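Dear colleague,

Here is the structure I promised to send over. Please have a look, and read my notes below it.

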Amino acid sequence: QNGALPNAGLTPESPFYFFDKLGEALREFFTFSPESKARLQIAFAAERVAEIKVVLETKGVDAKGLEVAEARLREHLGEATEIVIKQKNKGKDVSRLAKELNDDFEEPKSALSDSFKAQKKELEVREDELEDQMEAAHKAGDTAKAEALAQELGQVKVKLELLELKEEELEDDLDEEEEKLEEEM
């Protein structure tokens, strides 16, 4: 269904994630032209999106690894943009490169948005289920069960809030980087 994303491989939740980072550092080290370096950053950004998707699906929005993947995603895009701007300052025509990078990130960006939407839908379904169960428990006079369900419902609501917040912050940051690239087109 999603040809836009590379395989996530190890996620930040794995104790061996540093191997992933090491491999990328080596790829960067052996990449010489600024254009290739910028393209590599966009490829890495797509990998971070794949990681975010996996972490959201398996561990949820409050997973520690999510922060790591998001921070690295921002870094990669920032670096790609920086390379383009530096090249422009050196007098190079970067309009084609800027457009190419923006186009290449279009699909991962929409895949990211889909991941957040899917997670939101899942939590909303759970929210409805819990509200129904709570109502049934109240009607049956089972206050202990109703209390427990109310507590779980509270946690689901918190996760939904967190999800919205993270999605907004991330989208704003990605849009900002895209706008910087668009200025160079």
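Predicted model: local features only at pLDDT ≥ 70, side-chain atom pairs only at ≥ 80, totals over all residues.

In which helix is the place of Ser113? Ser113 sits in helix H4.

Ser113 has a relative accessibility of 15%. Buried means under 20%, so Ser113 counts as buried. Leaving aside residues up to four places away in sequence, Ser113 touches Glu167 and Glu171.

Next, H4 itself. Helix H4 covers residues 95–139, 45 residues in total. At 1.5 Å a residue, H4 should span 66 Å. The C-alpha atoms at its ends are 65 Å apart, which agrees. H4 also has a bend of about 35° at Glu106. A proline, Pro108, follows within four residues. Just after H4 comes Gly141, with a positive phi of about 75°.

Then the pairing of H3 and H5. Helix H3 runs over residues 64–89 and helix H5 over residues 143–183. Their axes are 9 Å apart, and they pack at an angle of about 10°. Angles under 35 degrees count as roughly parallel, so H3 and H5 are roughly parallel to each other.

Which residues meet in this contact? On the H3 side they include Leu66, Leu73, Arg74, Leu77 and Lys88. On the H5 side they include Lys166, Leu170, Asp173, Leu174 and Glu183. By class, the contact of H3 with H5 has seven nonpolar, two polar and 10 charged residues.

Best wishes

Definitions and conventions
Residues numbered from 1 in each chain as written. Heavy atoms only, no water. Axes fitted to C-alpha atoms, helices over the stretch in contact; angles between N-to-C directions. Helix = DSSP H or I, 4+ residues; strand = E, 2+ residues; numbered from the N terminus. Parallel < 35°, antiparallel > 145°, perpendicular 65-115°, else oblique. Contact = heavy atoms within 4.5 Å. Nonpolar A, V, L, I, M, F, W, Y, C, P; charged D, E, K, R; others polar. Expected span 1.5 Å × (residues − 1). Bend = angle between axes of the 7 residues up to and from the residue. Buried < 20%, exposed > 50% of the residue type's maximum accessible area, 1.4 Å probe, protein only.
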